[in-house]
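User: Please take a close look at one part of this model, the sheet and what surrounds it. Then connect that part to the rest of the assembly.

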Amino acid sequence: MTGNGLLRTDGLTCDFGGLRAVDSVSLSVERGAVHSLIGPNAAGKTTLFNLLSGEFPPTAGRVYFEGRDVTGLPSHRIPHLGIARCFQRNNLFPKLSVLENVWVARFSRSRPGPLGFLKRVADFGAIRDRAREIINDVGLEAKAGAPAETLSHGQQRALEVAIALAGEPAFLLLDEPTQGLAPEATERMTQLIQGLARRYTILLIEHKMHVVMSISDRISVMHFGRIIAEGQPDEIRRNADVQRAYLGVRR
Amino acid sequence: MGRQRPLLRLAALIGATILLPILVRPVVAAEIWIFAVAAMALNLIFGYTGMLSFGQATFFGVAAYTAGLMMIHWKAGLLVCLLAGIVVGALTAAVIGYFCIQRLGIYFIMLTFCFNQMFFFVAYKWTSVTGGDDGLPGIPRPPLALGPLSIPLNTSLRYYVFVAVVFLVLFYAMKRIVESPLGLIFQSIRENPSRAAAVGYDVKRFKWIAFTIAGAFTGLAGVLYSMMFGIVPLEVISWVTSGDIVFMVLIGGIGHLYGPLIGAAAFKWLSEAVSVLWERWPLILGVALVLVVLFLRGGLVEALARLRLALARRRLAAGAGAESA
Amino acid sequence: MNVALLAGAVLNGLVTGMIYALIGIGLSLILGLLNIPNFAHGVLYALGAYVLFSAAVGPVGFWGGLLLALVAVAALGGAIEYLAVRRLYRVHPDYILLLTFGLSLIMTEAIILVWGPVGITFQPPVLLAGGVDLGVTFYPKYRLAVMVVAAAVVLACWLFIEKTKYGAIIRAGIEDRDMVSVLGINVRRVFTVTFAAGAGLAGLGGAFMVPVRGLIPTMGIDILPFAFVVVVLGGLGSLPGAILGGLLVGVVQSLMTAIWAPGADFSVFALMALGLLARPQGLLGQR
């Protein structure tokens, strides 16, 4: 299976002892697209993300990014490929300020050279400015100096996305960015993602169907670890298998 | 935060180094700064990076013995010994750190402790080299050779000045490290190691770097100690000293730049004062540790902050009371 | 080196190995379940020894003293967990470690205050005095008895952990603490009991060793790093690992003492380092 997918997986599988959490997933995300991954709870979506972002290696299968085989790379190498991840549960640096959270993510991808470590954090004007830009983009300017742990849940979700953006990625893995958000905040986050869609390729896990349907170019449906359907939003809406898989799932 | 507070604190520190030998004997004062360096080093890996090492005495002792032997057998100069301390401390930490950092949390702590004991037993049994239980005696105090100038450091006060100057230089170095990107990276590792990796940092490598830097600082402190009394006692490499260093960081306040300095001063001064009165000084130490851990985990820095807050509140209430009267 | 010496060294190794296993089991349980390296574990071992000593020279006698050592140290362990350790679960585990370290200082000094700073030697009870001819060598009766009894206690612990329902709860708790509380089990009580049991085993080990090594206030501090090596070698949270690790450490230390005494203690740590390089999770550890 070829094609110019920016990110492509081939038979990706993940076993935990006797449990097959991800079952032979072959997925291709086109450059510039917003590709959504939906499915009932415990379908294996976050596990798939964990495989893609290097949290643990797959049991079988391969991952290709920009045509290169990146299967099994450890998680600290992934950002340097141009892939950034935002987590389902807030995964921040609690006692660091919002600015420091984003700064640290930005610095990792800049190339300061060994002499850079002799400078003060305060001396890196370019990084600080870029960090502030990103913080403004996600709407957290007022909280730039506040410790991440003091933020509300919605603000922390925004920070999650900001940290991912700070890595100047080409590809974003967004894991339920609207998780736990009230309708207003969900709307803001959706608009944010729509804005991001113009500049980044996005693989998005979401449960809120109206969000998924409105911004996705393509949707893959996972159930019991495997892809049971894939296509454009309208096709998926009409697909019988998908409806069956979702029976009993509200939202 | 304005530029004023940090400058004020720095000025206060320099003032403290000038005043200290007046408040306590120069020997005790020198010990305070020496252990402040070791405590700063532990603070870097514990307070900033989140790794509790219970074996810092390994580097303190190895460097002390090395310097002592260099001065006895090779008549090595002062600055050469200091350099040797840095190198030996860093190398030892690099090797031991490689083993210990493979494992997380409790494993790491236990491993640092066990390696400490390993080196302790070597020092204890290798009496031909280290003198074992009796220590390594006969260490001269070489003069400070700066080009054509040779300044003898034969009095306690002179040696104190030297130690204080070295301390201030090291403090500045530590300050720069902590304020550099490295400091923020270390903190991010402490706060959330998996996210630190997820944004692109090789966490193990950075932990190793922190550990090695701490080893270098601690080694230098060990060299300064070796020249204090003309003898390197076995205690320099014992786990008791490791525990003392942990104490100082905890009592002073973890993760604050000035915390370990306050802790070292408090610890050394107290131990001097109390051990004269009662041989069972470690009992008080143990009780203090238990109380701090249970009730005052932020150490003296937090205690001071709480005090300031309480005083501010009282002033506010008094002011409000006066207004409503 | 002659066979008798070698045989003696191996037997000594098995004796201390069994005691190390006893200490290691307790430490491993506390580590696995409560996630803390108990720096007070060595001192609990020492306290058991001193309690036996006081009991044996008093009206209680040696045999009663053994039981008293087990019970008293277990009670102390339970009290420590209930009054102090418990408050720190929500805080970082490093603080529990520091707490146990502080307690070890307090208790060591307390030992010196009560029993004096000088070492004490102690003869085995009359029933077990003297030696036994094993053919290859002559060996003290008492040490043989310790080996056998300690092995029996170790076996009993193993059976309890592996075969009983309460043991299963402990094992489950080591694997997944949150899960166990979700199942409606009183996790706090399990913690207290486990800490007490671990302490009691250490105290019993100390009591057993009194006629073998005598008593000295630093015996707790001295044995702690070896206890850590036992657990690290065997694998955290693994009971069979602690037993295997204990025997290994005991035999290696004893053999090295016979071959080249100055290197005996160092070789134990070298063994640990090698073991970690080869198998970071310990011999029988899973994580």
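Analyst: Two strands are taken as paired if DSSP finds at least two bridges between them. On that basis, in this predicted model, chain A has an open sheet of 6 strands, ordered S7-S8-S9-S4-S10-S11. The pairing in this sheet is mixed. Strand S7 (83-86) and strand S11 (226-231) of chain A have a single partner strand each and stand at the edges, so one side of each lacks a neighbour in the sheet. From one strand to the next, the twist averages 15°.

One pairing inside this order can be followed to the residue level. Strand S4 (residues 34-38) and strand S10 (residues 218-223) of chain A run in the parallel sense and are joined over 4 bridges. In this pair, A:His35 stands opposite A:Arg218 of S10(A). At the S7 end of the order, a helix covers the sheet: helix H4 (residues 153-166) of chain A lies across S7 and strand S8 (171-175) of chain A. The angle between H4(A) and S7(A) is about 170°.

Two packed helices are described by the angle between their axes and the distance between the axes. Helix H2 (residues 98-109) of chain A packs against H8(B) at an angle of about 110°, and the axes are 10 Å apart. Angles of 65 to 115 degrees count as roughly perpendicular, so H2(A) and H8(B) are roughly perpendicular to each other. Their crossing is left-handed. H2(A) contributes A:Glu100, A:Trp103, A:Val104 and A:Phe107 to the contact, and H8(B) contributes B:Pro181, B:Leu184, B:Ile185 and B:Ser188. These residues divide into 6 nonpolar, 1 polar and 1 charged.

Chain B also touches chain C. Of the 2 pairs of chains that touch, chains B and C have the most contacts. This contact takes 29 residues from chain B and 34 residues from chain C. Helix H5 (105-125), helix H11 (239-252) and helix H13 (281-295) of chain B each supply at least two residues to the side that touches chain C. H5(B) gives the most, with 12 residues. The chain B side of this contact has 21 nonpolar, 4 polar and 4 charged residues. Chains A and C do not touch, and their nearest C-alpha atoms are 13 Å apart.

Chain B has 14 helices and 2 strands. Its radius of gyration is 21 Å, which agrees with the value near 20 Å that a compact globule of 325 residues would have. Along the principal axes, the C-alpha atoms of chain B fill a box of roughly 80 × 50 × 45 Å.

Chain C has 11 helices and 2 strands. Read from the N terminus, its elements run α-α-α-α-β-β-α-α-α-α-α-α-α. The radius of gyration of chain C is 19 Å, close to the 19 Å given by the globule rule for 287 residues, so chain C is as compact as a globular protein of that length. The C-alpha trace of chain C spans about 60 × 50 × 35 Å along its principal axes.

The axes of helix H5 (residues 141-163) and helix H6 (residues 165-175) of chain C come within 5 Å and cross at roughly 75°. H5(C) and H6(C) are therefore roughly perpendicular to each other. On the H5(C) side the contact involves C:Phe160, C:Ile161, C:Glu162 and C:Lys163, which meet C:Gly167, C:Ile170 and C:Arg171 of H6(C). The residues of this contact are 3 nonpolar, 1 polar and 3 charged.

Notes: Residues are numbered from 1 along each chain as its sequence is written. Chains are lettered from A and ligands numbered from 1 in the order in which they are written. This is a predicted model: local features need pLDDT of at least 70, side-chain atom pairs count only at pLDDT 80 or more; totals for chains, interfaces and linings use all residues. Two residues are in contact if their C-beta atoms, placed from the backbone, lie within 7 Å. Ala, Val, Leu, Ile, Met, Phe, Trp, Tyr, Cys and Pro count as nonpolar, Asp, Glu, Lys and Arg as charged, and the others, Gly among them, as polar. Axes are lines fitted to C-alpha atoms, for helices over the stretch in contact, and angles run from 0 to 180 degrees between N-to-C directions. Angles under 35 degrees count as roughly parallel, over 145 as roughly antiparallel, 65 to 115 as roughly perpendicular and the rest as oblique. A crossing is left-handed if the near helix is turned anticlockwise from the far one by less than a right angle, and right-handed if clockwise. The radius of gyration is taken over C-alpha atoms; the globule rule is 2.2 Å times the number of residues to the power 0.38.
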